[in-house]
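Have the model open in your viewer and your selection tool ready.

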Amino acid sequence: MESKKTRSTKLWAVQSSSFTGNNLAGTVAEASALLANGKLVAFPTETVYGLGADARNTGAVAGIFEAKGRPSDNPLIVHIANRSELDAFVAKVSEADEKLMAAFWPGPLTLVLPVRPGALSPKVTAGLDTVAVRMPDHPVALELIQASGCPLAAPSANRSGRPSPTLASHVWEDLNGRIDGIVDGGPAGVGVESTVVRTNAHSGATVLRPGGISVAELSQVLGAPVSQVSADHGADIDPETAAGDSAALIGLSRMDRSSELGDDSKEVIATDEAPRSPGMKYTHYAPSGQLEIVLGSEQHVEKEIGERLAAARARGEKTGVLVFDEHLAHYEKGPDVALSLGSKHDLREAAARLYAALRQFDELGTTYMLAEGCSEEGIGLAIMNRMSKAAGGRIHRV
Ligand code: TXA
Ligand code: MG
């Protein structure tokens, strides 16, 4: 689905120091008027940049799919600014959903809820009887939603098959000429997309896509087991990045260990039909070069990466590494390109840097890249999930 560059894309800059100033008010007034008129505007959220359109307007929503080159059977997340906006298009909210909203909204949590028939464009839900909803924790996003008066359908603002954008310049690279505007609010915060969750009849929940809110945080609030969709059940449901082969699910299947999920997590999956992936068949983001992940103790990782780099250089590859700050010194002479994930003591930093680093490898033309893996604790689960998919499941455990 190749779309033409037929739109003129306006770029507004609002810097964080002036989020509350006139600069923001003027931008919000212009950008929200475009959205209310069925146009497409990208904006920052606390996870990644989103590409917004009025979720009730089928023409507008069709524009999102066209601009992104997104398959039409991949549903979109609807963004709201106030809890009261939900009832217009959601049929029922369970007690467990209420608890999660109270604890994590605004924030990087998306809830899959029963949709009120006819309230949204059917293109948003791709024909499902549920709708994914979240309230972003970003002043620009919240102001825009409120001023537009629309529930905003907003997938990540990348062309399908590219990493999600964490900077306005990433959106510009992918979508200039295909959308009507981009609000530049500086770097997005978390760096990986929201956690997508569906609660169940037992007051527990299933994580359909790991993200900024961890399994442990969810189960603490619910006081019930929270499971992770296993590889067998289809694992990640993000069709833009969904794994094409089971090898790519290694990271996820390991997350299914009952020790991490609570002892009866298997029962929850067994008694509840696990939510289906709408788009398992689509290929995930893969850099143009080959990415591999090395996971293990520091010494083993260093040795493995060193050996693989030497072999790659001997083959004539342009090589890259993506490693934690503390280990960059090991690779001063080795690779052509060395990028940092930040400190190994701060996985939030790694999440924030991951997608930009993957884009940088592409720009610099590396043909063989090695990334250091991390623990799957907290946000590490989302990092390993996205990284292993970018690597097509090539994980070396040493
Ligand atoms: O952090 C985020 O969630 C970002 C920002 C922009 O809000 N948005 C985002 O949207 O990542 P997108 O479209 O790239 O990913 C939406 C995910 C996909 O995995 C999609 O399959 C899933 O949500 N999804 C949407 N509606 C669903 C539904 N009714 N049931 C199950 N999964 C759904
Ligand atoms: Mg996406």
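Begin by selecting Ser340, which counts as buried because its relative accessibility is 15% (buried means under 20% relative accessible area, exposed over 50%, and partly exposed in between, with a 1.4 Å probe and protein chains only). Before going further, a word on the model: it is predicted, so local features need pLDDT of at least 70 and side-chain atom pairs count only at pLDDT 80 or more, while totals for chains, interfaces and linings use all residues. Residues are numbered from 1 along each chain as its sequence is written, chains are lettered from A and ligands numbered from 1 in the order in which they are written, and side-chain values use heavy atoms, with hydrogens and water left out.

Ser340 sits in strand β14 (residues 337-340); strands (E, at least two residues) and helices (H or I, at least four) are DSSP runs, numbered from the N terminus. Now show the side chain of Asp325: the side chain of Ser340 makes a polar contact with it at 2.5 Å. A polar contact is a pair of N or O atoms within 3.5 Å; within protein, one must be able to donate a hydrogen and the other to accept it, and residues adjacent in sequence count only if both atoms are side-chain atoms. Leaving aside residues up to four places away in sequence, Ser340 touches Leu322, Val323, Asp325, Leu328 and Arg353, where contact means heavy atoms within 4.5 Å.

**Next, some backbone stops**

Most residues other than glycine have a negative phi, and most peptide bonds are trans. Select Trp105 and Pro106: a cis peptide bond joins them, with omega about -10°. Pro106 is placed in the loop between α3 (95-104) and β5 (109-114).

Move on to Ala126, in the loop between α4 (122-125) and β6 (130-134). Ala126 is not a glycine, yet its phi is positive, about 50°. Is Ala126 buried or partly exposed? Its relative accessible area is 26%, so Ala126 is partly exposed.

Then pick Ser203, in the loop between β9 (195-199) and β10 (205-209). Ser203 has a positive phi near 65° and is a residue other than glycine. With 39% relative accessibility, Ser203 counts as partly exposed.

**Last stop: a pair of helices**

Select α6 (residues 168-175) and α13 (residues 347-364). In α6, His170, Glu173 and Asp174 meet Ala356, Arg359 and Glu363 in α13. The residues of this contact of α6 with α13 divide into 1 nonpolar, 1 polar and 4 charged (Ala, Val, Leu, Ile, Met, Phe, Trp, Tyr, Cys and Pro count as nonpolar, Asp, Glu, Lys and Arg as charged, and the others, Gly among them, as polar).

Notes: Axes are lines fitted to C-alpha atoms, for helices over the stretch in contact, and angles run from 0 to 180 degrees between N-to-C directions.
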